Amino acid sequence: MNWITNYVRPRINSIFSRRETPDNLWTKCNECGTMLFHREVSENLNVCTNCGHHMAISPRERFKALFDGGIFSEIKVPAPTPDPLHFKDQKKYPDRMKAAQKQTGESEAMLVAHGEMGRTPIVAAAQDFSFMGGSMGMYVGNAIIAAAEEAVKLKRPLILFSAAGGARMQEGILSLMQMPRTTVAVQMLKEAGLPYIVVLTHPTTGGVTASYAMLGDVHIAEPNALICFAGPRVIEQTIGEKLPEGFQRAEYLLDHGMLDRVTPRTEMREELITITRMLLGLSPAVRGDLPPPEALGDANSEDVVKTEAASVDPKK
C-alpha cells in the first residue's frame, strides 16, 4: 500500500495534472481587452490584430522591421557627463539610469543606425519611451547631432521616430539646451539638401514636440498617437473648459493641418520608401526581382538554328 501511495499515485497525478502556462505567451490589448498570442502580436509589429491599437515597440524591433532584412549598423554616439547636476529626488540620477538600462537593455533613450530601406540608403534614429519616458537629455541631443552629421557625411536622408515625455528633469537647463542644438542639426540637413522625415509615435510631448519633432520636411504619425506640448489634462485645468473629443491626437492634428499623414505601423515601411525616394528624385522602388534569363546551351542553340533554317523558303 505504501508503494501505491508514495509512488504510483503521485506519478499519475504528475502525468494528468494541469500544466502551468508561461506568463509571456499571451498579451492583453489595453484598448479592447483581447488576449493575443505573443507571436501573432510580434509578427504584426505590436499592433492589435483585433482593434488595430498600436502598442509600444522598442527601437531595435522597429529597425528590424524598417531596414532590409532587418540588417543595420549602429552609429556611435558621444557619451555626455553622467550626472552633471548631482541630481537626487526619491532616487539618485545614476541609480535611475542603471534601473532603466537593466529594464530595457539599452544604454540610453535613443538608438541611431544606418542601412538600406527598400534599397535606399538612410540614417534612422528612434527614441525609446520605456527608457525614462524617452526623455530628452544630453545624450539624445548628441544622438540627433551624430545622426545628422552621419547623414550629411554619407549624403543620406534622416528618418526620426519620436516618442518622449519631454525634457529630462534630472539634467535641468542642460536638457533644455538640446532644443536649439537639435534645431541646428536639422538645419545642417536642410542646407545639405537632404530630406528629414519625422514619424511621431505615442506619445510625443513637451520640448521634443517644440523642437526637432516638428521640424521635418514630412510629418507622419501612427494612429491615435498623442502629439502635443502641454497635455490635455494640463490645458483643461488651466482654461477650465472641456476639450474636444480626440484633441491632440494624430487624427485631430491631421484634420487641422499639423500632419501630412497618419499611417498604420504595418504600412509605415512602404510609405517611407515611397516618400524618401520621391524626395530624393529617384525612380519608384523595385518591388521584386525577376529571375535572370536562362543561358541557351549548345544543344538549344542548334535547335534554334535548325528551326530558323527550316522556316526559310528555299525558292526565295
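Author: Helices are DSSP runs of H or I with at least four residues, numbered from the N terminus. The model discussed here is predicted.

Reader: Which element gives the most to the lining of the second largest pocket?

Author: The second largest pocket has a volume of about 230 Å³. Its lining comprises 14 residues, and those closest to its centre are Pro-80, Pro-82, Met-97, Gln-101 and Glu-108. With five residues, the greatest contribution to this lining is made by α4.

Reader: How many residues of the lining of the second largest pocket are nonpolar?

Author: The lining of the second largest pocket contains four charged and three polar residues. The nonpolar residues of this lining number seven.

Reader: Which element supplies the largest share of the lining of the largest pocket?

Author: The largest pocket has a volume of about 590 Å³. It is lined by 29 residues, of which His-54, Met-55, Ala-56, Ile-57 and His-202 are the closest to its centre. Two or more lining residues come from each of α3, α4 (93-104), β5 (120-127), β6 (158-164) and β7 (196-204). The largest share, three residues, is supplied by β7.

Reader: How many residues of the lining of the largest pocket are polar?

Author: The lining of the largest pocket includes 10 nonpolar residues and seven charged residues. Its polar residues number 12.

Reader: Does Arg-62 count as buried or exposed?

Author: Arg-62 lies in helix α3, which spans residues 59-66. Leaving aside residues up to four places away in sequence, Arg-62 is in contact with Ile-57, Phe-161, Thr-201, Glu-222 and Arg-265. A residue is classed as buried when its relative accessible area is under 20%. The relative accessibility of Arg-62 is 10%, and it therefore counts as buried.

Reader: Are α5 and α7 roughly parallel or roughly antiparallel to each other?

Author: Two packed helices are described by the angle between their axes and by the distance between those axes. For helix α5 (residues 138-154) and helix α7 (residues 178-191), the axes are 9 Å apart and the angle is about 10°. Angles under 35 degrees count as roughly parallel. The relation of α5 to α7 is therefore roughly parallel.

Reader: How many nonpolar residues does the contact of α5 with α7 have?

Author: On the α5 side, the residues that meet α7 include Met-138, Ile-144, Ile-145 and Val-152. On the α7 side, those that meet α5 include Ala-185, Met-188 and Leu-189. By class, this contact has two charged residues and four polar residues, while its nonpolar residues number nine.

Conventions
Residues numbered from 1 in each chain as written. Predicted model: local features only at pLDDT ≥ 70, side-chain atom pairs only at ≥ 80, totals over all residues. Heavy atoms only, no water. Buried < 20%, exposed > 50% of the residue type's maximum accessible area, 1.4 Å probe, protein only. Contact = heavy atoms within 4.5 Å. Axes fitted to C-alpha atoms, helices over the stretch in contact; angles between N-to-C directions. Parallel < 35°, antiparallel > 145°, perpendicular 65-115°, else oblique. Nonpolar A, V, L, I, M, F, W, Y, C, P; charged D, E, K, R; others polar. 1 Å grid on protein atoms, 1.4 Å probe; cavity = no way out; pocket = protein on both sides within 12 Å on 5 of 7 lines; lining within 4 Å. Points joined across faces, edges and corners; volume = space filled by probe spheres on them.
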